[in-house]
Amino acid sequence: MHDIRFIRDDPEGFDAALARRGLEPVAAQILELDQLRRAASTRSQEAQNRRNEASKAIGQAMALGDTARADALKSEVAELKQTMPALEDEDRQLSARLDAMLAVIPNLPADDVPDGANESANVEVSRWGTPRQFDFTPREHADIGPSLGMDFETGAMISGARFTFLKGQMARLHRAIGQFMLDRQTGANGYTECNPPVLVNDAAMYGTDKLPKFAEDSFKTSVRKPNSEVYDELMEHISTKGWPSNIDKYWQLVEQLKWEDPANRRWLIPTSEVSLTASVMGEILDDSALPMRLTALTLCFRSEAGAAGKDTRGFIRQHQFEKCELVSVCRPEDAASEHEHMVRSAEGILEALDLPYRKVLLCTGDMGFGAKKTYDLEVWLPGQGAYREISSVSWCGEFQARRMNARYRPEGERKTAFVHTLNGSGLAVGRTLVAVLENYQQADGSVLVPDALHPYCGGMTRLEPAA
């Protein structure tokens, strides 16, 4: 969420920053609506103040025996009571419209983010490791995996496209990767392990900028409650006549029984960034508690509505996947160094697994909605002959904190300030599994297990293809 005061003070600068993201100017529209809202709020407050003054004056007039004035004041108060709800409603509606407008405007890019319309303008910062030279033609993971326990057919049969059933040694390696990541982030990098819910409410999704922008990319579930009138009608029908003979009529009645209760709506998390970051929603944190570094290994769910046709083959883009997430909540002055620490925490996993990768600074046109600066880590996949994203590490500034009202009190000060939030993958487990399969594949179809994972694999050092 954006600071309306910043837009009032520097509308040209706000529009210029949005232009770097390829967006049209909106400051004038925002300020016009803001002016209407402020005027409505003033009218509502003035009416409230006048009602209070008149109510107090009634008692004074009665005490002086001035019944005429008292009656006039009573009439004025009665009239104000009639008009105030409309004034308050206008104020609420204009505030809601302003919030809705601000909620769909992305974060402003940091000054050192390169300008560009798409990923072609991203800037490679560094590379680590040397891609392995094979004495055979390396295969993609979707060709290696099935004989090792990566079952695409069963996953599709029981759940649909972009679900995979891992079995045996493949499931063991997948679990080992996740546990290794979690141990590394908590042990070497100073993150506190969490086990957060994977179902969250609207407030958590909105606060971490996933709503309303990414509703279509998320899976939603809700508690449905019965409509009492239809329920009584159906129960009477069943008790006197049995179940409706017309099955269509039956289902029609059942559907009428249901209605979504927004208070009980829940979203499956697209990443545990949502749960971890939202854990400070509405809080005023102690300065001494910062930076707050959190990590969790959780299931994540994405409908991928905005990624139709991308990576439909294989294990790279799934509806359900696991990820070791990193989140940091910190002071504004510490955010830049915290960003670098988080990137190094993710890089350390790739280096420990001896997986070549490159670090890329995203341009303005390729950054996520809530980010002001993002580094991507791209791992080398020899089967594809390309670097592919395996981690995205973003600094969000106070963008999410404003939406969540997450603040801290600087030491020695009475006023509070918004925290800065950061998030990143440390790493995506499935994509790391893909990278291991492709980089450690052998000519006979087996796959070596990286040395760093041996303690987690119960003695397994190689995945062997089924006979």
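**View 1. Phe369 is buried, at 8% relative accessibility.** Buried means under 20% relative accessible area, exposed over 50% and partly exposed in between, with a 1.4 Å probe and protein chains only. This is a predicted model, in which local features need pLDDT of at least 70 and side-chain atom pairs count only at pLDDT 80 or more, while totals for chains, interfaces and linings use all residues. Residues are numbered from 1 along each chain as its sequence is written, and side-chain values use heavy atoms, with hydrogens and water left out.

**View 2. Seven aromatic pairs are found in a search of the whole structure, and Trp128 with Tyr357 is a stacked one.** Rings of Phe, Tyr and Trp (its six-membered ring) pair if their centres lie within 6.5 Å; planes under 30 degrees apart count as stacked, over 60 as edge-to-face and the rest as tilted. For Trp128 and Tyr357 the centre-to-centre distance is 5.8 Å and the planes are 20° apart. Trp128 belongs to strand β1 (residues 123-128) and Tyr357 to strand β11 (residues 357-361), so the pair ties together parts 229 residues apart in sequence. Strands (E, at least two residues) and helices (H or I, at least four) are DSSP runs, numbered from the N terminus. Tyr357 is buried at 2% relative accessibility, whereas Trp128 is partly exposed at 28%.

**View 3. Phe214 and Phe369 form an edge-to-face pair.** Their ring centres are 6.0 Å apart, with the planes at 85°. Phe214 lies in the loop between α8 (202-207) and β6 (219-226), and Phe369 in the loop between β11 and β12 (373-381), so the pair ties together parts 155 residues apart in sequence. Phe214 has a relative accessible area of 25% and is partly exposed. Phe214, Phe369 and Phe399 make up one aromatic cluster.

**View 4. Lysine charges sit over the rings of Tyr375 and Trp395.** A charge sits over a ring if NZ of Lys or CZ of Arg is within 6 Å of the ring centre and within 35 degrees of the ring normal. The charged end of Lys359 is 4.4 Å from the ring centre of Tyr375. For Lys372 and the ring of Trp395, the distance is 4.8 Å.

**View 5. Asn107 is buried, at 8% relative accessibility.** Asn107 is in the loop between α4 (67-103) and β1. Beyond its neighbours within four places in sequence, its contacts (heavy atoms within 4.5 Å) include His2, Arg21, Phe369, Lys372 and Phe399. The side chain of Asn107 reaches the backbone oxygen of Gly370 at 3.0 Å. The C-alpha atoms of Asn107 and Glu398 are 9.3 Å apart, although 291 residues separate the two along the chain.

Definitions and conventions: Polar contact = N/O pair within 3.5 Å; in protein donor to acceptor, adjacent residues only side chain to side chain.
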